[in-house]
Structure formats: structure tokens, C-alpha cells
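Visitor: I would like to learn how to read a fold from its coordinates. Please take me through it one feature at a time.

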Amino acid sequence: MTPKRRANKAQILFPKGLPVSKPVHYDAGETIFTQGDECTDVGYIEEGIVKLMLVSNRGRRGILGFLGRGDFFGENCLSGQAFYTASAMAVVPGSIMVINRKKMLRTINEEPGICSRFINYLLARNHRIEQDLIDHLFNSSEKRLARTLLLLADYDAGHADMTFLSRINQDILGEMVGTTRPRVNLFMNKFRKLGYIHYDKNGRLEVYKTLAKVVLD
């Protein structure tokens, strides 16, 4: 039996109040900014998924995390940071509001309501990052995949057309979870048989709230 309810719809914290900025479209794989670039703008994700990456002085590469609809990135420049300390790349086609640093600072200073919401957002995201770290340190790859799918479904909820969740292949999921593609394929088949996810005839992936049972077990 197929569940009828999807994962909870993501809460968009800033539908209004941000400085006026024309959205910029990025294709999958396109770089938004590169580590070491001058830090001049804050990004706000209207649609899509953004991957943050870091390269050490010795040339080692690492993934800092993935952000989705309703998330900010590059906000360190608000503290006076001169250069981006990480690179940002679009994982799937998406729309990004590129907000000038000076305009964002002025809005935060002059609009207490926006300032309060922005602080609440940063606190909530820091909590999520802590949960991500705990997830990677202590949970199995199966639980990490389930949690990742639920988070992606929150970012993706409310779309009537083919969604980016259906465009994220198992290689990308493996990268997000920290495991291999064959393991992702194994768990995805298991989730499908248990009725936690569903592929419709158009290839659209549905993630149901019952998938949370895997995370809680």
C-alpha cells in the first residue's frame, strides 16, 4: 500500500523583506563562486541544491555540506571576511538570489524583524549541521541515506512538475551520504519495497514521511 503523504514541506524563512535582487539561474555543475574569490555577495537559494566544497593548502578536497531551498550561503562576508573560504556549486539546475553584501548589511541593521529572522535561521542551520555531524559519526549509511532523502524532500516539496529530487542520481546521493553507489542502490530498493519511497510512471521520486522509521530505529 502506497502512503499518501509526503515529507513535510520546507519552511521558507524569507519570502519577503530581503534586498531586491534579480535571481540568477545556474545549471547543474555550474560554479557559483570559487574558494579565494572576493567575498562580495550573499546567496539565497530559491530553487535547487548547492554543494559547498573546500580545498586544503595541501590540495585535499572535502565536502562541507549541501544546502537547499530557503538556505543562505556565503554569509561570512557579512562579518568582514574578504574572500570566500569555500567554493559553491549547483548540484541541480536552480535559482539563486545574489544579494550584495552592503545591501544585506543595511537591511539587517535597519530592519529588526529581518535581523531576528536571520539570526534564528543561522541558529537553526547550525543545529542542523551538528545533527549532520552526529549522523555521519554514529549512524549507518542506511540511516544517513534515509535522513538525506527526508531533507531533500523538504527542500523539494510543493512542486507539481518534475522535481530536482528525481534528477539527483545515486552517485550524487552516495557523495551526500558518504557511501558508494551500489550501497545507495541497495537501500533505495529496500525503501521502495517497504513503501517508504515511490517512483511514478514519469520517473518522479516520492519520499514519504514513513521513511523516518528508518532514522528512528
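Visitor: Which strands pair in the antiparallel sense over 6 bridges, E4 with what partner?

Guide: Two strands pair if DSSP finds at least two bridges between them. Here strand E4 (residues 50–55) and strand E5 (residues 61–67) pair antiparallel, over 6 bridges. Leucine 54 has glycine 62 in E5 as its bridge partner. The two strands form a hairpin with 5 residues between them. Glycine 59, in the turn, has a positive phi of about 90°.

Visitor: What kind of model is this, and how are residues numbered?

Guide: The model is predicted: local features need pLDDT of at least 70, side-chain atom pairs count only at pLDDT 80 or more, and totals for chains, interfaces and linings use all residues. Residues are numbered from 1 along each chain as its sequence is written, and side-chain values use heavy atoms, with hydrogens and water left out.

Visitor: In what order do the 4 strands of the open sheet run?

Guide: The order is E1-E8-E3-E6, with antiparallel pairing. E1 and strand E6 (72–73) are the edge strands, each pairing on one side only. H1 packs on this sheet and touches E3, E6 and E8; its direction makes about 75° with that of E8. Contact means heavy atoms within 4.5 Å.

Visitor: Which residues stand opposite each other along E8?

Guide: Start with strand E1 (residues 23–26), which pairs with E8 over 4 bridges. Proline 23 stands opposite methionine 97, and valine 24 has isoleucine 96 as its bridge partner. Strand E3 (residues 41–47) is joined to E8 by 6 bridges. Glutamate 47 stands opposite serine 95.

Visitor: Is E8 enclosed or open, and why?

Guide: Buried means under 20% relative accessible area, exposed over 50%, partly exposed in between (1.4 Å probe, protein chains only). In strand E8 (residues 94–100), 5 of the 7 residues are buried, so the strand is largely enclosed by the rest of the structure. Across the 217 residues of the chain, 43% count as buried.

Visitor: How do H1 and H2 cross?

Guide: Two packed helices are described by the angle between their axes and the distance between the axes. Axes are lines fitted to C-alpha atoms, for helices over the stretch in contact, and angles run from 0 to 180 degrees between N-to-C directions. The axes of H1 (residues 101–110) and H2 (residues 112–138) come within 5 Å and cross at roughly 105°. The helices are therefore roughly perpendicular (65 to 115 degrees). Met104, Thr107, Ile108 and Glu110 of H1 make the contact with Pro112, Ile114, Cys115 and Phe118 of H2.

Visitor: What span should H3 have?

Guide: The expected span is 1.5 Å times one less than the number of residues. For the 16 residues of H3 (residues 141–156) that gives 22 Å, and the end C-alpha atoms are 22 Å apart, which agrees. In H3, 14 of the 16 residues are buried, so this helix is largely enclosed by the rest of the structure.

Definitions and conventions: Parallel < 35°, antiparallel > 145°, perpendicular 65-115°, else oblique.
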